[in-house]
Amino acid sequence: MTIPRQPARRRSRLNRPNRPAAVASLLLVLGAPLVAQQAGSGLITFPTSGSQVAHREFLRGVEALHSFEYEEANEAFVKAQQIEPGFAMAYWGEAMTYHQTLWRKEDPAAARRVLLKLGPTMAARAAKAPTLREKAFLAAIEVLFGPGDATARRSGYARAMEQLYSATPGDPDVAAFYALALMGLTSRGLVGSADAHEGHLTSLAGSDTQRRVHEILDKVLQSHPNHPGALHYLLHTLDDPQHAALALEAARRYAKVAAGSSHALHMPAHIFLQLGMWREAAQSDRAAYAASEAWVSRKGLSPALRNYHALAWLQYELLQMGQFQEASELIGRFVPVVKATRQLTLLNDLASMRARFVVETRRWDILAGETNFGNVNELFAVGMSAARLGNAPAAELARQRLAERAQSAQEGDLRPAIAIMEREVAALIALAAGRRDEALQILRTAVEAELKLPPPLGLPNPIKPAPELLGELLVEAGRPRDALEAFQQALQRNPNRTLSVLGRARAAAAAGETETAREHYRALLANYEQADADRPEVNEAQVALRAARPSTGAVTVGAGLAGLLSVAFFARKRALRRATRRRRHRALPDRPKAMSR
């Protein structure tokens, strides 16, 4: 298998009925680990019985493995085998590169072929491992790549690593790999929904598994504060709005200790984004993309292997900061690569970037006339644009296609998010037809569905949060007090998201809640501190804050501020609608021909 690049019923604890006998027997006599040889970067010490030269390559491989740089890890472990053909742990490492835990990507057949290089049987392979600790590591992956379905193998591997962890307290790499094994039993899909045939938990956030993994990794970091595996896995563990703040220090440290890894440089953005720290997130993703460019150049690889996942995140972060011009330019940078490679994964990323640009900038003219789409996100943006511009037939066609995709097995765990996007388009169609009450009721059902989903893993999904859209329509309907709750729900799931911040400021102003309006207008200005020139939202916030500032002889503001902002807001919306109808030019580069589905 070519090593793939990484680009996501509740049980309180692991099932424990059948512990792997080989591992259990080893652990009865497992003593203290060997003193590690000094090699590699010094971030880890992982002791082995290999020669100093082979061990140096082994450590390089383990560091890369901890950062999910599987190609680099595979290369290092193979090199260690070439230096020392009988080095058992080098084969363990190569096999581990074929099980990418959090992405549900594995190639057990390839891993088994690696083990066969070491020895024809489990006993023969164990005989090649001179120490009990190495034998235990090998026995654990004999379970991971042994017989049985994925669920049984992963659960058995986690139990084996639990035993190794219990027998070797204080071993940071054992602890890190055990924590990762536990995380592998939870769902890491884009919306975190249950995947019954894979046996994943519904969600990591708030679970007993999350608490246990946090406890294990925190203990490692107390004694080994720069351990790359513990830092990395902690970021994945706490990647939700309620827990991300606990990983803020780890996020800042991880980017420094694993600075050569594009994935490692991207990972802090997960925590920064969950906290709405847009500038810090953008810095992480800029660095991650630059590192991938350097890696591709150094290796002489295709531009298609750059970290476009980080580029897509950077675009979203720029949109939150009001830097729309650069966000559009990133799409232009991506288009030639997609045209040249025609890779579906890259087309999918490009389609989502185009969709986010339209949704965040509210440039409905860009996609309103489209009949093709690259993925469901772009289809949603087409439908939303058509509905907002009054093109009922096009909006209805997009809605029908979304309804079909929400039932398609091809979409996997994205289906709940697609169903919500279909409801959002349906609500906008009803609104455009003058059925406001129906539109609001449709959106309320969409909000209820979204709030039942686990917290987002990264960028919002659906790409237009339903509570945010409900809040916007309630403000338009002259019901700002009702809108306040909707925006608050949106901000709980996607903290400091700019359109939700702006919406809550407008709703509070219209409801006469001056201090709440001021608070959120200040937050908007902080987000837009480096925004493109002449952003109307900046002017709106500045006007609001000036109007609310006490002055000599002035009366209390409250309703006066609400009236001023309400008039300005709706006048601006009418002007923008008129301007939009006149504009048919595109702000984005031409895209490759999209898929029709």
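## Accessibility and the position of A526

Buried means under 20% relative accessible area, exposed over 50%, and partly exposed in between, with a 1.4 Å probe and protein chains only. At 35% relative accessibility, A526 therefore counts as partly exposed. A526 lies in helix 25 (residues 514-527), where helices are DSSP runs (H or I, at least four residues) numbered from the N terminus. A526 and M321 are 205 residues apart in sequence, while their C-alpha atoms are 8.6 Å apart in space.

## Basis of the model

This is a predicted model, in which local features need pLDDT of at least 70 and side-chain atom pairs count only at pLDDT 80 or more, whereas totals for chains, interfaces and linings use all residues. Residues are numbered from 1 along each chain as its sequence is written, and side-chain values use heavy atoms, with hydrogens and water left out.

## Helices 4 and 5

The axes of helix 4 (residues 88-96) and helix 5 (residues 108-118) come within 8 Å and cross at roughly 170°, the axes being lines fitted to C-alpha atoms over the stretch in contact and the angles running from 0 to 180 degrees between N-to-C directions. That angle makes helix 4 roughly antiparallel to helix 5, a term used for angles over 145 degrees.

Helix 4 contributes A88, Y91, E94 and A95 to the contact, and helix 5 contributes A111, V114, L115, K117 and L118, with contact meaning heavy atoms within 4.5 Å. These residues divide into 7 nonpolar, no polar and 2 charged, where Ala, Val, Leu, Ile, Met, Phe, Trp, Tyr, Cys and Pro count as nonpolar, Asp, Glu, Lys and Arg as charged, and the others, Gly among them, as polar.

## Helix 10

Helix 10 (residues 208-223) has 16 residues and reaches 24 Å from its first C-alpha to its last, close to the 22 Å expected at 1.5 Å a residue, the expected span being 1.5 Å times one less than the number of residues. T209, Q210, V213, I216, L217, V220 and L221 are buried in helix 10; seen down the axis, the buried residues fall within an arc of 135°, so they line one face of the helix, the arc being that of the directions from the helix axis to the C-beta atoms.

The buried residues of helix 10 pack against helix 8 (150-167), helix 9 (172-183) and helix 11 (228-237), whereas K219 and Q222, on the other side of helix 10, are exposed.

Conventions. Helices (H or I, at least four residues) and strands (E, at least two) are DSSP runs, numbered from the N terminus. Angles under 35 degrees count as roughly parallel, over 145 as roughly antiparallel, 65 to 115 as roughly perpendicular and the rest as oblique.
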